[in-house]
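Here is a short report for a reader new to this protein. Look through the sequence and the model first, then read on.

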Amino acid sequence: MNRRFSRVESGADLKDYFDRGDIASRENRWNFEVAWEVANKVGGIYTVIRSKAYVSTEEMGEQLCMMGPYKEHCARTEMEEMEFPRGNPLLDAVNSLRSRGYKIHTGRWLVDGNPQLILFDIGSAAWKLDQFKSEMWEKCHIGIPHLDIETNDAIILGFMIAEFLEEFRNFAVTYSQNNELSAPRIVAHFHEWQAGVGLIVLRTRLVEIATVFTTHATLLGRYLCAGNTDFYNNLDKFAVDEEAGKRQIYHRYCLERGATHLAHVFTTVSEITGYEAEHLLKRKPDIITPNGLNVKKFSAIHEFQNLHAVAKEKINEFVRGHFYGHIDFDLDKTLYFFIAGRYEFGNKGADIFIEALARLNAMLKHEKPDTTVVAFLIFPTKTNNFNVDSLRGHAVIKQLRDTINNVQQAVGKRMFDTCLQGNIPNADDLLQKDDLVKIKRCMFAMQRDSMPPVTTHNVADDWNDPVLSSIRRCHLFNSRHDRVKMVFHPEFLTSTNPLFGIDYEEFVRGCHLGVFPSYYEPWGYTPAECTVMGIPSVTTNLSGFGCFMEEHISDPKSYGIYIVDRRYIGLENSVQQLSSFMMEFSRLNRRQRIIQRNRTERLSDLLDWRTLGIYYRQARVKALQAVYPDYVDELSLYGSKNNLIFSRPHSEPPSPTSSRHTTPAPSVHGSDDEDSVDEETELKELGIK
C-alpha cells in the first residue's frame, strides 16, 4: 500500500503517551533498556539510544532505567552520579549487588530527558568470569575463547545485568505487596549481541521478565559484506555455521542467535535487516523498529535556509584556502557533495561514489563547463598529521584577507578625508603605490606549480589506502580542467578543526547533497540527518533508510531522496544510475534547489522519534502480553503495523527535475538569493498560503 506524507499529524503518535510515566506507575510497569553504548560513545547505536532518551522518559518517566558498562573516560562527561531515593526497589537491588563485591554507578544521563542510569564496572566482576563461562556452557553449550576480550567483557556485563534484574524483580514484588500495588510487570529491552548475553541468562534462569531483543545489524552480515559477495541475492544459500566458523566468530554468532530465539519479541531496525535476520539468524522479526532523530522544528520556513547559507560560506572559506592558486571556478556556481561515516570502503559505497564522480566529471565538462562539484569524503583513518600544503594554503589566504582589509581601511579613510574637503575622490590618489605592492606580494605568494592536494592529511600507508587508490585509478587529481574536485578528509569534523573550523552538523547544513550509496547499511543515520536538516541525499534500496522512504513516499526523488538500485541491477548499472542522479541534481538552478530543500525538510516529521517511537512501544506491549497474559494496555494501539499512515497532501508538489512541465521557470536576475524563500511566487510554488 502506497502511503503519502504530509504535515498532517499521524493518528499513531507517541505524543499520545507522554505522561511522564503516570500510567506506567499506576500499572506498576517497569522498562529497562540495555546496550553496550549507553553513555558510551562507540558507534551508531549510541545515537539511537541517546536520541530516543527524550521520548522514552516523556513516556515512562521514573519507570525507565538504562543500563550499560561503566567506561570512565565517557562516563565523566556523560553521567551525573547520584543515588536512587530510599524505598525504591532500584536502590535495594543495587545495594544487593554491591554487597556481592560488584561496583555499580547510578545517576542520570546528561542528555535530553535525563533518564536514570545504572552502569556496571566490568572489572569488579572479572573474578567470576570462569564461573559465568561454565554456566553458559552447561546451559547453552556455547564456549567462549579465553583470548576474545570483547566477548569476555560481554559475558561479565550480561551476567551482572541478569543478576541485577533478578534481584530487582524480587524486591519489586515485596515492595508491591507491602504497598498494596498490583504485581510488577517488567520488560527488559536488549540491543545487539553484547547486551544479548543478559537476555540469555534471564531466560535460562527462568526469571519472569518480558524480554525484547533488537539487532541493528547482524554480526555475520557485516563480515560477509566485507568480502566480495553478492550478499542479498544469496542470503538463502549461506551455510551460516560454516561461514561464522571460517571467520572465527562462531561463539559470537551463537550468542546473537541465542538471544534472537530466546527473546519474547525480536525486532530489527528495517525491512532489509529483517530479511537478513530471517536467513542468518533463522527468525523473522516480530516488529520493525525504525530509528528516528530528535527533530527541532524552525518557526519560519526560511530559517534553515539561512543556516545553509551561513554554513556554506564557511565551506567556501575552506575551498578558497585548499584550492588557492587554482580558484578558476565560480563559488556561486559550485556544488558541495559529501560522503561520511565509518571507513568501510565497500559497505559504505565509497567505491561506486568515486567511480560515479569520474563519470560526472566527464558529463559536466561536456554539458555544464561553468558548474563545479567539490566532493568531500569524510572517513577517519590513520594519518601522520595535516598536509603541509593544506595548512599553507589557509595561511596564504588569511594573509591576503588581512592585507586587503588593511588596504580597504586606509582607502576608506582617504576617501572620507577627500570628501570632507569638498573634493571628488580620484582613484589614483586613493589606491597608492605602497598598497599595490602589498597586494602584489600576496598574489605572487598564492602562485603554485603543483595541483591542489586531494587529501587534507598525510595518510599512513597512502599507496594502499582504498580511497586514494580509487582516486588515482579514476584520474581525479583536481586539475584545472576537472569539473569535479576531490577532498579526502581522513578525520571527523569538529569545531576545533584548524582547516574547517565547523562541526559535522554545520558542515552537513552547508553542503548541497549527501551521497551514501551503501551496500550494507541496516538503517543509515547519515542520510536521515541530511533529511531533517533539509539537505537532499542519495541512498540505496539496500539501506534501511532507503527502504523506509520507498515505503512511505511514492515519489522520493521529488522530495530530494534519490534511491540507487543496488539489489536488482549490476554494479555498472548502479554506477550509471548514481552518476545520472548527481548530474540531474547539478542541472537544477538555485531556485529549484531551494524548493527541493523545503520539500526535504518536510520529511523531518516522518523521522521524528515522536512518530517512530510508537513501534518500540508496540514491541514492549507484545512482550508484556507474552509473559503477563492478563495485561491490557490502557491506550492500546497495538495490532496494526500500518498505524503510521500519512494522508495525501491537498496539493502534491511537482518534481523539481527539468523534464517536468511544472518545473518553475528560471529565476530572473537578482531574485535567486539563498534566503529568498519568502517571495510570494515561491510560496505559491510550494503550496503554502
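Buried means under 20% relative accessible area; exposed means over 50%, and partly exposed lies in between (1.4 Å probe, protein chains only). Strand 7 covers residues 210–215, and six of its six residues are buried. In a regular strand the side chains alternate between the two faces of the sheet. Strands (E, at least two residues) and helices (H or I, at least four) are DSSP runs, numbered from the N terminus.

Strand 7 has parallel partners. Five bridges join it to strand 6 (residues 185–191). There, V187 stands opposite A210. The chain goes from strand 6 through helix 7 (residues 192–204) to strand 7, and this β-α-β crossover is right-handed. Right-handed means that, with the strands pointing away from the viewer, the path from the first strand over the helix to the second runs clockwise. Strand 7 also pairs with strand 8 (residues 265–268), in the parallel sense, over four bridges. V212 has V265 of strand 8 as its bridge partner.

## How the model is read

This is a predicted model: local features need pLDDT of at least 70, side-chain atom pairs count only at pLDDT 80 or more, and totals for chains, interfaces and linings use all residues. Residues are numbered from 1 along each chain as its sequence is written, and side-chain values use heavy atoms, with hydrogens and water left out.

Nine strands form an open sheet with mixed pairing, in the order 3-4-5-2-1-6-7-8-9. Strand 3 (79–81) and strand 9 (287–288) stand at the edges, each with a single partner strand, so one side of each has no neighbour in the sheet. Two strands pair if DSSP finds at least two bridges between them.

## Strand 16

Strand 16 (residues 537–540) is covered on both faces: S537 and T539 on one side, V538 and T540 on the other, are all buried. Two bridges join strand 16 to strand 15 (residues 513–515), and the two run parallel. G514 has S537 as its bridge partner. The chain passes from strand 15 through helix 19 (residues 525–532) to strand 16 in a right-handed β-α-β crossover.

Strand 16 pairs with strand 17 (residues 561–564) too, in the parallel sense, over four bridges. In strand 17, I563 is the bridge partner of T539. Helix 20 (residues 544–552) carries the chain from strand 16 to strand 17, and this β-α-β crossover is also right-handed.

## The nonpolar core

The largest nonpolar core has 174 residues, and F164 and F376 have the most contacts inside it. Such a core is a set of buried Ala, Val, Leu, Ile, Met, Phe, Trp, Tyr and Cys residues joined through side-chain atoms within 4.5 Å. Helix 6 (residues 149–178) gives the most to this core, with twelve residues.

## Aromatic rings

F318, Y336, F338, F376, F500, Y504, F507 and F516 form one aromatic cluster. R448 lies over the face of Y324, at 4.0 Å from the ring centre. R567 has its charged end over the ring of Y275, 4.9 Å from the centre. A charge sits over a ring if NZ of Lys or CZ of Arg is within 6 Å of the ring centre and within 35 degrees of the ring normal. Rings of Phe, Tyr and Trp (its six-membered ring) pair if their centres lie within 6.5 Å; planes under 30 degrees apart count as stacked, over 60 as edge-to-face and the rest as tilted.
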